[in-house]
Amino acid sequence: MIDSIRRKSWIYMSMRKVSMHMHMKAMRDMRVIVCWFILFVSITTQSSVGKTTRHLKWEVEYMHWSPDGVEGTVMAINGRFPGPTIRARAGDTIHLELMNKLHTEGLVIHWHGIRQLGTPWADGTASISQCAINPGETFLYKFKLDKAGTYFYHGHYGMQRSAGLYGSLIVEVGKGENEPFKYDGELNLLLSDWWHKGFHEQQVDLFSKPMRWVGEPQSLLINGRGQYNCSLAAHFSNFSTSECKLRGDEQYAPQVLHVYPNKTYRLRIASTTSLSLLNLAIEKHKMLLVEADGNYIQPFSVQNMDISSGETYSVLFTTDQNPKTNYWISISVRGRNPKTPQALTILNYHLNSASRIPHSLPPVAPRWDDESYGKAFYNKIFALNGNPKPPAKHDKRLVLLNTQNFIEGYTKWAINNVSLVLPSTPYLGSIRYGLSNGFDQEPPPDGYKHGYDVMKPAPNKNSTYGSGVYMLRFNATVDVILQNANMIKDSVSETHPWHLHGHDFWVLGYGEGEFVAEKDEGRFNLKNPPFRNTGVVFPYGWTAVRFVANNPGVWAFHCHIEPHLHMGMGVVFAEGVRHIKEIPTQALSCGLTAKMFMKINH
Ligand code: C2O
Ligand code: CU
């Protein structure tokens with residue numbers, strides 16, 4: 001009985017405690033207020049004819065934190081994990097001073113889904129668009145948010161995304177513009193996965209001989225919060241855990257979503273997981289999908305949905321259920337045999353006092369190995385009328401074979417037998433200034449050998465490391481066929497979510513087995529293909545995407561699974577680099593470009 005009373009009010013009590021605590025601390029020491037002011041209230045805005053420049057000042061440093069109840073370290077921004085949410089309007093400019101306060105590590109931040117039209121140097125990819133920012137240095141990211149949508153940001157140097165360097169980036173429609181749907185309120189979920197082993201050690205593991213795989217995450221996090229070794233719904237859980245005893249002010253206490261009955265909410269969802277493919281559900285509430293990766297889609301309704309790393313969605317749901325009870329929101333692992341319990345939070349109808357734990361069974365996700373479920377889901381996504389249409393024909397086609405290989409005993413991922421290794425001089429600088437020693441001048445192959453059996457383990461004969469670039473003709477229409485294959489082990493093939501920087505692409509189609517142009521091309525959807533920045537390739541299957549190379553810059557295209565990327569699963573595209581007007585020298589103050597600048601100044 002006491003337990004249930006405590007459970008009923010834990011969130012409410014804790015909120016009061018937190019604010020009281022903060023109040024007293026501030027009273028005690030005025031300096032605290034000053035500090036807080038500088039650190040957190042550093043967002044000022046300047047308006048000129050409706051367009052706004054948003055000024056932000058961020059400091060990144062390590063911090064002790066318990067994302068799931070077990071203390072570890074996270075990369076925090078201005079003392080927060082996850083990093084602060086950026087909320088702006090389409091057309092706004094972000095002016096963000098990023099200070100690296102890590103003691104001995106470089107840093108960059110990538111703005112996932114933002115196309116960086118005209119500012120390729122602000123894409124935040126180490127070795128590609130800029131040099132890593134040195135400890136103690138500040139880098140200015142200045143870029144325009146050209147399109148409304150749900151996005152996020154994250155570290156893009158080594159495996160810093162796994163270290164918790166991420167946050168939400170929400171772009172609302174421009175003033176006077178409307179969304180093609182209506183809603184009364186908005187909620188936001190940033191999804192991630194969490195390991196107790198630090199990312200430095202994970203990197204060492206992946207790069208050792210034999211490779212030590214990172215394994216399944218210990219916890220899934222919703223807005224940076226998860227519960228390890230205890231569950232909000234222990235009595236329903238398959239994992240032997242006890243009931244969480246939470247006061248509510250813990251760093252890992254779930255963030256409850258408060259709603260009013262009989263309203264429609266927009267739920268924004270972004271997945272920045274390192275590894276996990278997730279399935280999301282809201283108990284007893286249907287979700288209407290309306291946006292994917294910052295583009296509107298034809299609305300369709302689901303009970304639960306798969307979300308791959310790198311994808312973002314908006315769904316609408318109506319709070320039309322019994323307002324006297326609360327409901328679960330759950331995320332569960334799919335696609336890999338789950339060793340990680342589902343993460344839960346609570347949908348709280350306001351009529352209800354405080355935040356009572358629901359007494360019902362949390363949503364049950366489709367079986368982890370039910371591949372057809374995921375395929376059916378992705379095949380329901382179509383662009384809403386009004387989205388840009390794909391050109392009818394392609395100028396160039398790349399077929400990218402995804403294989404896992406051994407290179408000198410190291411386990412790597414390779415694309416057409418080349419495992420990507422990033423150079424020390426950012427490609428953007430090397431290409432712009434014609435520094436041919438900056439990276440492999442031989443471009444990687446446009447396809448793979450005829451007769452390769454995608455159903456069998458790779459023969460591992462001729463895989464190599466490489467840093468070559470696909471040089472795309474400016475404004476060319478490019479097709480990429482992502483061709484999945486068997487891994488090193490027999491009878492295994494995994495789903496890979498491929499993410500393209502600097503562009504959205506049309507997902508023209510998915511297929512099983514090997515792509516055969518004569519047979520498969522005719523089935524491409526050129527009428528209403530979804531326009532996205534991330535596309536999945538299913539086990540043993542292929543996925544065809546098309547984009548127009550119209551954004552001068554150098555752009556990564558890679559699997560968004562963090563360990564895969566760092567085992568070489570990516571390629572680099574360059575287009576129209578001579579049209580780039582200006583690259584701040586700050587972005588290129590390393591490697592060969594730094595040397596070049598020194599010569600110029602002498
Ligand atoms: Cu969100 Cu290159 O990644
Ligand atoms: Cu992958």
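Let me start at I269, which in this predicted model stands opposite Y313 of strand β20. The strand to keep in view alongside β20 is β15, covering residues 264–271, and it is joined to β20, residues 312–318, by seven bridges, with the two strands running antiparallel.

If we now step back to the whole sheet, we find six strands in an open arrangement, and reading across in order they are β11, β10, β15, β20, β17 and β18, with pairing that is mixed. The edges are taken by β11, residues 219–222, and β18, residues 295–302, and because each of these has a single partner strand, one side of each is left without a neighbour in the sheet. From one strand to the next, the twist averages 25°.

Let me turn to the metal. Which residues coordinate the copper ion, ligand 2? They are H496 and H564, each through ND1, and C559 through SG, at 2.0 to 2.1 Å. Along the chain, the donors of this copper ion follow the spacing H-x62-C-x4-H. H496 lies in strand β29, residues 496–500, while C559 lies in strand β34, residues 553–559, so this pair ties together parts of the chain that are 63 residues apart in sequence.

Technical notes:
Residues are numbered from 1 along each chain as its sequence is written. Chains are lettered from A and ligands numbered from 1 in the order in which they are written. This is a predicted model: local features need pLDDT of at least 70, side-chain atom pairs count only at pLDDT 80 or more; totals for chains, interfaces and linings use all residues. Side-chain values use heavy atoms; hydrogens and water are left out. Two strands pair if DSSP finds at least two bridges between them. Helices (H or I, at least four residues) and strands (E, at least two) are DSSP runs, numbered from the N terminus. Axes are lines fitted to C-alpha atoms, for helices over the stretch in contact, and angles run from 0 to 180 degrees between N-to-C directions. Donors are N, O and S atoms within 2.8 Å of the metal (3.2 Å for Na, K and Ca); water is not among the atoms, so sites may look incomplete.
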